[in-house]
Amino acid sequence: MKVTGSCLCGAIVFEAEANPERVLICHCTDCQKSSGSAFRTILPVRADRFTLLKGEPREFVKTAQSGARRPQVFCADCGTHLYGTGEGEAARVLGLRAGLCDERAELIPKREIWCQSALAWVGELGTQERNEQG
């Protein structure tokens, strides 16, 4: 599926090819903090299938609890988080923020990860699979 999208201010515009069956919800505390919400909805995209059409994003490297370095890419103008990724082999996949995609209504999450960190007030979200960790 081809997706298109942008940051909140429109300074960053992108397109990508992705499998909508891979959309997931992440309940980890890093996603809670960086999204300002109870979880984040993520569309995994192969890096070679992501095209930046406009703008120059910035990057912040977050060290996860596991010790893994996780680059977080965002718009320097409005601060919108675009995607997170890894380093080395892990950089081959981008965790695109599904809410940025124009097709977001079609990107229905199929699974949830890091459910052990889910906030107690978050109820059943109707996904097909739930994992305590990633």
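Predicted model: local features only at pLDDT ≥ 70, side-chain atom pairs only at ≥ 80, totals over all residues.
Local features need pLDDT of at least 70, side-chain atom pairs count only at pLDDT 80 or more, totals for chains, interfaces and linings use all residues, and side-chain values use heavy atoms, without hydrogens and water.

**Whole chain.** Show the protein chain as a cartoon. Look for 1 helix and 11 strands, which are DSSP runs numbered from the N terminus (helices H or I, at least four residues; strands E, at least two). From the N terminus, the order is β-β-β-α-β-β-β-β-β-β-β-β. The C-alpha atoms fill a box of roughly 40 × 35 × 30 Å along the principal axes.

**Main core.** Now select Leu43, Val45, Phe50, Leu82, Tyr83, Leu96 and Cys101. These have the most contacts (heavy atoms within 4.5 Å) inside the largest nonpolar core, which has 21 residues. Such a core is a set of buried Ala, Val, Leu, Ile, Met, Phe, Trp, Tyr and Cys residues joined through side-chain atoms within 4.5 Å. Buried means under 20% relative accessible area, with a 1.4 Å probe and protein chains only. Next, colour β2 (13–17), β4 (40–46), β8 (81–84) and β9 (93–97): each supplies at least two residues of this core.

**Leu96.** Zoom in on Leu96. Leaving aside residues up to four places away in sequence, Leu96 touches Val3, Phe14, Thr41, Ile42, Leu43, Val45, Phe50, Leu82, Tyr83 and Cys101.

**Second core.** Finally, select Leu24, Cys26, Cys31 and Ile113. They are among the 6 residues of a second, separate core.

Definitions and conventions. Residues numbered from 1 in each chain as written. Buried < 20%, exposed > 50% of the residue type's maximum accessible area, 1.4 Å probe, protein only.
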